[in-house]
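Let's work through some exercises together. Keep the sequence and the 3D view open, and try each task before you read its solution.

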Amino acid sequence: MTGNDTKALVLGGGGVAGIAWETGILAGLADAGVDVTRPDLLVGTSAGSAVAAQVTSSKSLADLYRDQLDGTGAPEPAIEDVDPIALMAEIRGILGSGDDPLVIRRRIGAMSLERDRVPEAERRAIIEARLPDHEWPPQRLAITAVDAETGEFVILTGDSGVSLVDAVAASCSIPRVWPAVTVGGRRLFDGGMRSGTNADVAKDYGKVLVLDVIGLPETSDVQPVTKPLFTIKPDEASQAGLTDLLDPDSRAILARAGHEQGRKIATEVRTFWS
């Protein structure tokens, strides 16, 4: 269902730090009386795919937020053999090169396929533990990924024949960090390698609310969103905690920062969303 009376929530990528910040934003808004987690469409990219699957699950938003504060959710492994700052700089350079979109995504896909830093099954178990429910929700949810060999942009839904766990694992497959996910004979990886948010998946919806953690460059096939658009980016306090997107120890700090930011902007978001 699309049209002027419909709403979409778009959750962008940002590693485990981004999951914490986005969860904090949504919880802060809800605590201020603005629950935006029941729109007509949720779009999740990379970290945002995990958040989207979590907030449409049977677990309450308050409990999801508390997990970030207390570290009581699924364990998140520390990444000590990858330089996240250098990796993101390399990816930004490729995304901003101005090359053909498929060429760009194939180049980054080749990075993803260089080697599996950990086995696919090990990574899948991490995602499985992260998600409260493993079935697609009744709510319309679109999860983005990229075919590592062809560069094709892929949108996964409950009708795609792909399990929710595999869809989230694919979308969260950061090149050189987590293995691309084998689905139907092809390897799918991080949907953020087209756009950090892929907000244009929701371009036909009446209002589009976007959480954009890191503001990645977009490939030229990303279409403009001409409907009313409201983008939330990390404020100064939140930005200070986003130096290492892969650091699980940053989760409590960023969840609190996001929660405070969400409460501060609640009136503005309510005006847009209502």
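Two residues are in contact when they have heavy atoms within 4.5 Å of each other. This is a predicted model, in which local features need pLDDT of at least 70, side-chain atom pairs count only at pLDDT 80 or more, and totals for chains, interfaces and linings use all residues. Residues are numbered from 1 along each chain as its sequence is written, and side-chain values use heavy atoms, with hydrogens and water left out.

**Exercise 1. Find the contacts of Val168, leaving aside neighbours within four places in sequence.**

Step 1. Select Val168 and look for partners beyond four places in sequence. They are Ser49, Ala50, Ala53, Ile127, Leu131 and Ile143.

Step 2. Now look at the helix around Val168. Helices (H or I, at least four residues) and strands (E, at least two) are DSSP runs, numbered from the N terminus. A residue is buried under 20% relative accessible area, exposed over 50%, and partly exposed in between (1.4 Å probe, protein chains only). In H7, Val168 is one of the buried residues, along with others including Leu164 and Ala170. The helix is mostly covered, since 8 of its 8 residues are buried.

Step 3. A nonpolar core is a set of buried Ala, Val, Leu, Ile, Met, Phe, Trp, Tyr and Cys residues joined through side-chain atoms within 4.5 Å. The largest one has 78 residues, and those touching the most other members are Leu26, Val36, Ile108, Val168, Leu209, Ile232 and Val269. Helix H1 (residues 15–31) gives the most to this core, with 8 residues. Another core, of 11 residues, lies apart from it; Ala8, Leu41, Val208 and Val210 are among its members. In soluble globular proteins, nonpolar side chains tend to be buried together.

**Exercise 2. Is Ser171 buried or exposed, and which residues does Ser171 touch?**

Step 1. Locate Ser171 in helix H7, which spans residues 164–171.

Step 2. Check the accessibility. Ser171 counts as buried because its relative accessibility is 0%.

Step 3. List the contacts. Not counting residues up to four places away in sequence, Ser171 touches Gly44, Thr45, Ser46, Ser49, Ile143, Thr144, Phe189, Asp190 and Gly191.

Step 4. Look for a polar partner. A polar atom of the Ser171 side chain lies 2.6 Å from the backbone oxygen of Thr144.

**Exercise 3. Which strands are joined to E2 by bridges, and how do they run?**

Step 1. Two strands pair if DSSP finds at least two bridges between them. Strand E1 (residues 3–11) is joined to E2 by 4 bridges, and the two run parallel. In this pair, Leu9 has Leu42 of E2 as its bridge partner.

Step 2. Turn to strand E3 (residues 141–147). E2 and E3 are also joined by 4 bridges and run parallel. Here Gly44 stands opposite Ile143 in E3.

Step 3. Look at both faces of E2. Leu41, Val43 and Thr45 on one side are buried, and so are Leu42 and Gly44 on the other. In strand E2 (residues 41–45), 5 of its 5 residues are buried.

**Exercise 4. Where is Lys203, and what is Lys203 in contact with?**

Step 1. Find the loop between strand E6 (186–190) and strand E7 (205–211), which holds Lys203.

Step 2. Lys203 is partly exposed because its relative accessible area is 25%.

Step 3. Leaving aside neighbours within four places in sequence, Lys203 is in contact with Gln223, Pro224, Val225 and Lys227.

Step 4. Compare with Gly24, 179 residues apart from Lys203 along the chain: their C-alpha atoms are separated by 25 Å.

How values were computed: Polar contact = N/O pair within 3.5 Å; in protein donor to acceptor, adjacent residues only side chain to side chain.
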